[in-house]
Amino acid sequence: MIPVVALVGRPNVGKSTLFNRLTKTRDALVADFPGLTRDRKYGHAHYAEQSFIVIDTGGIDGTETGVETHMADQSLLAIEEADVVLFMVDARSGLMPADHLITQHLRERKKPTFVVVNKTDGLDPDVAMSDFYSLGLGDIYPIAAAHGRGVIRLLEDALLPFSEKLQIDAEVAARSEDGESIDENDTLDALLTSSDADTTSELTEEEIEALNAKIAAGEIEEEEETTFNPQTDLPIKIAIIGRPNVGKSTLTNRLLGEDRVIVFDMPGTTRDSIYIPLQKDDRDYVLIDTAGVRKRGKIHEAVEKFSVIKTLQAIEDANVVLLVIDAREGISDQDLSLLGFVLNSGRSLVIVVNKWDGMTQEDREHVKDMLELRLGFVDFARIHFISALHGSGVGKLLGFVNEAYDCSTQRVSTAKLTRIMQMATEDHQPPLIRGRRVKMKYAHAGGYNPPIVVIHGNQVNSLPDSYKRYLMNYFRKSLKVMGSPIRIQFKESENPYAGRRNQLTASQIRKRKRLMSHIKK
Ligand SMILES: Nc1nc2c(ncn2[C@@H]2O[C@H](COP(=O)(O)OP(=O)(O)OP(=O)(O)O)[C@@H](O)[C@H]2O)c(=O)[nH]1
Ligand SMILES: Nc1nc2c(ncn2[C@@H]2O[C@H](COP(=O)(O)OP(=O)(O)OP(=O)(O)O)[C@@H](O)[C@H]2O)c(=O)[nH]1
């Protein structure tokens with residue numbers, strides 16, 4: 001499951017700065033849900049192909065009437081939901097009393113914690129760190145969030161237990177004798193923007209020529225041979241998400257059939273969803289039910305009902321998301337926040353408008369106008385009206401789920417994708433950039449769910465957003481994709497970062513070795 005990283009610390013230590021750097025800002029979403037006393041920011045990030053969720057908890061300064069009460073409501077919950085805590089302190093202000101209070105809590109929670117000493121720019125890192133060893137929380141990581149310094153080392157260590165790729169890299173690095181230092185900021189940006197796209201090595205000019213000859217001869221096979229077909233070999237994982245009370249449990253029960261009874265008081269923590277297998281018309285599904293766990297616990301009486309993390313993890317783990325909206329409540333900002341998470345994740349989506357029963361024609365028209373106005377920008381998802389309570393419309397839902405899943409996992413050959421790319425450029429030429437025409441050479445599939453199309457060429461990263469959107473829509477129409485977004489990635493024919501991934505400093509290699517032996521234990 002996608003790991004959760006919480007940023008904790010006093011106000012002003014630089015949590016937001018680090019949050020923005022990790023999530024690249026555009027992914028930052030502020031969720032304001034009932035039961036959460038303060039805004040917390042949740043962001044989706046990835047580093048070296050490992051996705052993770054970042055929570056920015058807002059500051060704890062110890063001047064509140066007891067840090068206990070303050071931490072109890074939100075930071076404690078964030079810490080509890082997190083897999084890793086980055087405890088940020090400020091090199092410029094040194095150790096403060098609130099840092100000790102936070103330390104005390106972290107120790108009680110027994111979470112893997114990394115002490116991050118921020119604002120070390122212009123300071124001697126050893127001196128800057130020395131103050132904080134007395135916290136006794138283990139390794140200390142000096143960084144400058146504002147400039148990105150030190151962040152690579154921090155992320156590699158913090159994410160290592162969750163990332164197969166980082167573990168392999170660490171092993172490779174541990175075996176290599178000497179490392180060289182790297183240009184950290186360039187590399188950090190490249191690693192933070194890398195995604196799970198496949199990194200098929202580039203075609204040579206001759207191979208591109210052969211590909212074009214094949215296309216010209218009309219040899220565009222529909223599908224490539226694969227030994228594994230996700231459309232038949234795996235169950236479709238469906239996350240049912242939505243604000244509290246929109247009818248998620250009712251819908252889950254309805255999908256399962258009335259004779260199935262589900263126990264909602266399942267043991268587990270706040271962030272655990274319930275996974276329920278379902279078989280229908282020869283297809284296998286797993287419903288991921290995120291409905292509130294009504295557990296009485298001292299920490300989270302108020303916040304128990306809705307866990308953003310649970311929802312985010314369910315989205316991440318799903319193939320298709322059913323976003324349930326309550327027709328009687330209209331579209332709220334919370335619905336839009338949830339929608340934003342789904343869009344960031346790239347998952348397939350069906351928007352389900354529930355409680356459609358017993359509404360007047362006038363009210364229905366009004367709701368439809370609202371949907372058009374506020375959700376019009378999500379052009380790929382179907383909007384479907386149901387009554388989970390009475391069952392109307394529910395029968396069609398799985399059909400839309402199948403459609404979205406099948407579209408998002410279809411296998412398309414390089415020849416076909418390249419041909420579509422060529423047709424798109426024939427219909428509408430890419431613009432000139434610095435007097436030169438952008439040259440797109442070929443396209444291939446880079447991943448599924450969502451489908452990723454990787455376009456190789458010259459200056460392709462400089463294409464204006466409007467042209468990128470044009471290409472995306474062109475691919476969507478040509479591939480007849482419904483219910484799933486499509487992502488397009490551009491690869492410059494010469495990748496300046498190629499081959500630099502494993503070059504680490506000698507101290508990093510020593511560290512890697514130590515961590516690896518730790519993991520193997
Ligand atoms: N010199 C230096 N300043 C930094 C660095 N990172 C953050 N700052 C500055 O520290 C101040 C606080 O940064 P924020 O990211 O807003 O801190 P925060 O912890 O999110 O603060 P709250 O939102 O109040 O909890 C800002 O003025 C930043 O510009 C750094 O690496 N070096
Ligand atoms: N009229 C009407 N009421 C509905 C419908 N679906 C659910 N409800 C009612 O809405 C209320 C909330 O339903 P739940 O299924 O518990 O909602 P939930 O989204 O699982 O709620 P949480 O567990 O709080 O996240 C219940 O009283 C349901 O009976 C519907 O289609 N029509």
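How many helices and strands make up the secondary structure of this protein? The secondary structure comes to 17 helices and 18 strands. Both are DSSP runs, numbered from the N terminus: helices are H or I with at least four residues, strands are E with at least two.

A word on ground rules. This is a predicted model: local features need pLDDT of at least 70, side-chain atom pairs count only at pLDDT 80 or more, and totals for chains, interfaces and linings use all residues. Residues are numbered from 1 along each chain as its sequence is written, while chains are lettered from A and ligands numbered from 1 in the order in which they are written.

Confidence next. pLDDT is the predictor's confidence in each residue, from 0 to 100. The protein averages 81, and 76% of the residues score at least 70. Strand 12 has the highest confidence, at 97. Strand 2, residues 28–31, has the lowest, at a mean of 53. The model scores ipTM 0.83 and pTM 0.77.

Two stretches need care. Over residues 261–269, pLDDT stays under 50. Over residues 294–304, pLDDT also stays under 50. For contacts, the cut-off is C-beta atoms within 7 Å, with those atoms placed from the backbone. Beyond four places in sequence, the model has 9 contacts for residues 261–269 and 16 for residues 294–304. Where pLDDT is low, the predicted coordinates should not be read in detail.

Now the fold overall. Take the contacts with a separation of 6 or more: 75% of them join residues 24 or more positions apart. Of the 521 residues, 39% count as buried. Buried means 20 or more other C-beta atoms within 10 Å of the residue's own; exposed means 12 or fewer; partly exposed is in between; C-beta atoms are again placed from the backbone.

Which residues touch the most other members of the largest nonpolar core? Ile238, Leu323 and Val350, out of 115 residues. A nonpolar core here is a set of buried Ala, Val, Leu, Ile, Met, Phe, Trp, Tyr and Cys residues joined through C-beta atoms within 7 Å. Look at Val350. Not counting residues up to four places away in sequence, Val350 touches residues including Val320, Leu322, Leu397, Phe400 and Val401. Arg382, His384 and Gly483 are also among its contacts.

Over to Gly346. It lies in the loop between helix 12 (333–345) and strand 12 (348–354). Why does Gly346 count as buried? Because 22 other C-beta atoms lie within 10 Å. Leaving aside neighbours within four places in sequence, Gly346 contacts Pro450, Pro485 and Arg487. Phe380, 34 residues apart from Gly346 in sequence, is 11 Å apart in space, C-alpha to C-alpha.

Follow that contact to Pro450. Pro450 is in the loop between strand 16 (439–447) and strand 17 (452–458). The peptide bond from Asn449 to Pro450 is cis, with omega near 5°. Most residues other than glycine have a negative phi, and most peptide bonds are trans.

There are non-glycine positive phi values to show as well. Asp281 has one, about 45°, in the loop between strand 9 (274–280) and strand 10 (283–289). Arg434 has one too, about 50°, in the loop between strand 14 (432–433) and strand 15 (436–437). Asp281 counts as exposed because it has 7 C-beta neighbours inside 10 Å. Arg434, with 6, is exposed as well.

Helices now. Helix 8, residues 205–216, has 12 residues and reaches 16 Å from first C-alpha to last, close to the 16 Å expected at 1.5 Å a residue. That expected span is 1.5 Å times one less than the number of residues. Helix 8 is hardly covered: its count of buried residues is 0. Just after helix 8, Gly218 takes a positive phi of about 75°.

In helix 15 (residues 414–427), look at Ile420. Ile420 is buried, with 20 other C-beta atoms within 10 Å.

Last stop, ligand 2. Which residues come nearest to ligand 2? Gly247, Lys248, Ser249, Thr250 and Leu389, of the 17 around it. The cut-off for near is a C-beta atom, placed from the backbone, within 6 Å. Helix 10 (residues 248–256) gives the largest share of the shell, 3 residues. By class, the shell has 5 nonpolar, 8 polar and 4 charged residues. Ala, Val, Leu, Ile, Met, Phe, Trp, Tyr, Cys and Pro count as nonpolar, Asp, Glu, Lys and Arg as charged, and the others, Gly among them, as polar.

Methods:
Contact = placed C-beta atoms within 7 Å.
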